[in-house]
Structures are given as structure tokens and as C-alpha cells.
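Subject: Structure handover

Hello,

Here is the structure I said I would pass on. Please open it alongside this message.

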Amino acid sequence: MTATSVLITGASKGIGLTIARHLSRNNYKVYGTSRKPDQQLAKENGFTMLALDLNDPDSIEQLAGQFPEGVDILINNAGQSQLGAFEDIPHEAFQGLFETNFFGTLKLTRALLPGMRKRGKGLIINTSSLIASFPLPFYTSYTTSKAALSAFSFSLNMELKPFGINVVVIEPNDLKTTIEPELFLKEGSAYADKVTKMREKVRTNMSKSQDASVVTAIIDKLIKSKNPKPKYVVGGNSNLLIFAKRFLTSAMQVKLTMGSYKD
Ligand SMILES: NC(=O)c1ccc[n+]([C@@H]2O[C@H](COP(=O)([O-])OP(=O)(O)OC[C@H]3O[C@@H](n4cnc5c(N)ncnc54)[C@H](OP(=O)(O)O)[C@@H]3O)[C@@H](O)[C@H]2O)c1
């Protein structure tokens, strides 16, 4: 029997590396990606590292070309973050983040889909963020790129179910990784004080957050499930937050969010 193949984008560190290591230890045939593939790191962790830059269409095409028959499981994990007032983030930078977190991911998924569809089975896991359900100030580009990915996953889920392909979105709360948002702060910015405080608050929250390994339990559950849910949340109090959201008006959500991030 051939091993189940898994392609994980952004497997050089953080959540992606954690999943890649976990699945290769459990006898999956794992392919990870990085913009600068470190073969030694991949070898030490039992998987194969391939090149991928989601902001480069040729790189996406080259990667997909190595999987003409698709893969059993595609985990779209790679992503980046930005922090800054909307006014201070240049349009090109905002678009660049969408290219990494959203459009690049779409391009790779589209390129792999024909092969997966022909197999008549498959699983696509998109890593969004809890921020998609709980937007934060000074994270407009990150929030919207992840909200787009979550909505895309829901829509694609319904398109692909008849073909035996499950599409799932995972929205993690803060998890301890080295992810660091790119900071945008114009000289003399009217938001300087608030953005700096937000950065400190986010760093503090991250330092207290759970280890990225909590994601592996969800991944195991998803892979084993014949009929996974369209969305899973993971990390900290994420399940409680999603439950509480049912009873919150939008005004209450804004008030609570601003309250927990105030100076
Ligand atoms: N950690 C959290 O608290 C948290 C919470 C919610 C959601 N998430 C999401 O979870 C995913 C993983 O986050 P993480 O915390 O593990 O981040 P991380 O430690 O910074 O890892 C990010 C990964 O993405 C890859 N990557 C970045 N830009 C890329 C690009 N242009 N093309 C291809 N690959 C690229 C990086 O690979 P190279 O640099 O080697 O190319 C790296 O392997 C992201 O989508 C993130 O938004 C994280």
C-alpha cells in the first residue's frame, strides 16, 4: 500500500514544520515547502522539502508540476502578517499580503485540483486565523486576507464535496511560533502610540499562548474523519469565543475587542 501523500506549504518553521514532523513520524509521505528549502532540516524531520514562493506564479507552477496527479492531502499553511494603521500600509504592501495569504494559495490549489478530482478523494486544509471571526484593529490586511480565505474555503467545500474532496478551514488562535507581523508605521503617524501598544500587547499574548503542537490533534482528527466539519478553531479559548459570538451583537463584539486591546 502506498503512503498517503501530504503537501504542506510553509514547512520551514512554526505550525507547518510541526505538522510536517508529526505526519512524517506517522508514516505519511510528506512534502513541505519553503522559499529557501533547507534539506538538512527536512531530512532530520523525515520529509522532503520543495521550493515555493507564493508571491511568484512561476514558483507555484513549478511546484504543482511535480504533482501531476495531485496529492491526497493539501495543507495550505504558509502565510505572513502585517501590523499597522490602514492609512500607513501602502496599497502595494496590502496587495502583497493578499498574494501570499490568499491569491497564491488559490493558484496552488487550482493547479492541484484536477489531479485530486481525478482521484475522486482528497482533503484540502486551509490555515486561516481566528482573526477572520474576530477582527482586530491595526490588522486590516491580515484580517481581510484570512477572512477571504475562510469564506473561500466554505464556498469551495460545497463545490468539491460531490467529487469526494473535503475542504476544511482551520482558524487558530494565538499559537507560539516565530511569526512576527511586518510593521508599518509612517513617520509622524497619528497612530504611532496605539500601534506600538498593540504590538506589545500582541507580543505578550503570543508569549503566553499554547504551543503550535496543539494543531496536530485537529489534523489527525480531520484526516481520520469521513465527513469533517467545514471549520475548526484551535488554541487557547477559541472554542469559547466562537460559542460566545453567537450571543454577541456586532456592537458588543467591537466593544469587547476594543476593551481587551485598550491602552
Ligand atoms: N502562530 C499563530 O499564532 C497563528 C495564528 C493564526 C493563524 N496562523 C497562521 O498559521 C500559518 C503558519 O503560521 P506560523 O505562526 O507557523 O508562521 P511562521 O512560523 O512565520 O511560518 C510561516 C511559514 O510560511 C512560509 N512563508 C512565508 N511567506 C511565504 C511566501 N511568500 N511563500 C511561501 N511560503 C511562505 C514560511 O516559509 P519560508 O520563510 O521558509 O519561505 C514559513 O514556513 C500562517 O498562515 C498564519 O497566518 C498563525
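This is a predicted model: local features need pLDDT of at least 70, side-chain atom pairs count only at pLDDT 80 or more; totals for chains, interfaces and linings use all residues.

Residues are numbered from 1 along each chain as its sequence is written.

Helix packing

Two packed helices are described by the angle between their axes and the distance between the axes. Helices (H or I, at least four residues) and strands (E, at least two) are DSSP runs, numbered from the N terminus. Axes are lines fitted to C-alpha atoms, for helices over the stretch in contact, and angles run from 0 to 180 degrees between N-to-C directions.

Helix H4 (residues 91-119) packs against H5 at an angle of about 20 degrees, with the axes 9 Å apart. That makes H4 roughly parallel to H5 (angles under 35 degrees count as roughly parallel, over 145 as roughly antiparallel, 65 to 115 as roughly perpendicular and the rest as oblique). By class, their contact has nine nonpolar, four polar and one charged residues (Ala, Val, Leu, Ile, Met, Phe, Trp, Tyr, Cys and Pro count as nonpolar, Asp, Glu, Lys and Arg as charged, and the others, Gly among them, as polar).

Helix H3 (residues 57-65) also packs on H4, with axes that come within 9 Å and cross at roughly 30 degrees. That makes H3 roughly parallel to H4. The H3 residues Pro-57, Ile-60, Glu-61, Leu-63 and Ala-64 meet Gly-104, Lys-107, Leu-108, Ala-111 and Leu-112 of H4 (in contact means C-beta atoms, placed from the backbone, within 7 Å). Seven of the residues in this contact are nonpolar, one is polar and two are charged.

Helix H1 (residues 14-25) and helix H7 (residues 214-224) pack at about 55 degrees, their axes 9 Å apart. That makes H1 oblique to H7. In H1, Ile-15, Thr-18, Ile-19 and His-22 meet Val-215, Thr-216 and Ile-219 of H7. This contact holds four nonpolar residues, three polar and no charged.

Nonpolar core

The largest nonpolar core has 56 residues, and those touching the most other members are Val-6, Ile-8, Ile-19, Ala-20, Val-30 and Ile-75. Such a core is a set of buried Ala, Val, Leu, Ile, Met, Phe, Trp, Tyr and Cys residues joined through C-beta atoms within 7 Å. H4 gives the largest share of this core, six residues. Beyond its neighbours within four places in sequence, Ile-8 is in contact with residues including Ile-19, Ala-20, Val-30 and Ile-75.

Single residues

Most residues other than glycine have a negative phi. Asn-27 has a positive phi, near 70 degrees, and is found in the loop between H1 and strand S2 (29-34). Asn-27 is exposed, with 10 other C-beta atoms within 10 Å (20 or more count as buried, 12 or fewer as exposed, in between as partly exposed, with C-beta atoms placed from the backbone).

Phi of Phe-138 is likewise positive, near 70 degrees. Phe-138 is found in the loop between strand S6 (122-127) and H5, and counts as buried with 26 C-beta neighbours inside 10 Å.

Regards

Definitions and conventions: Two residues are in contact if their C-beta atoms, placed from the backbone, lie within 7 Å.
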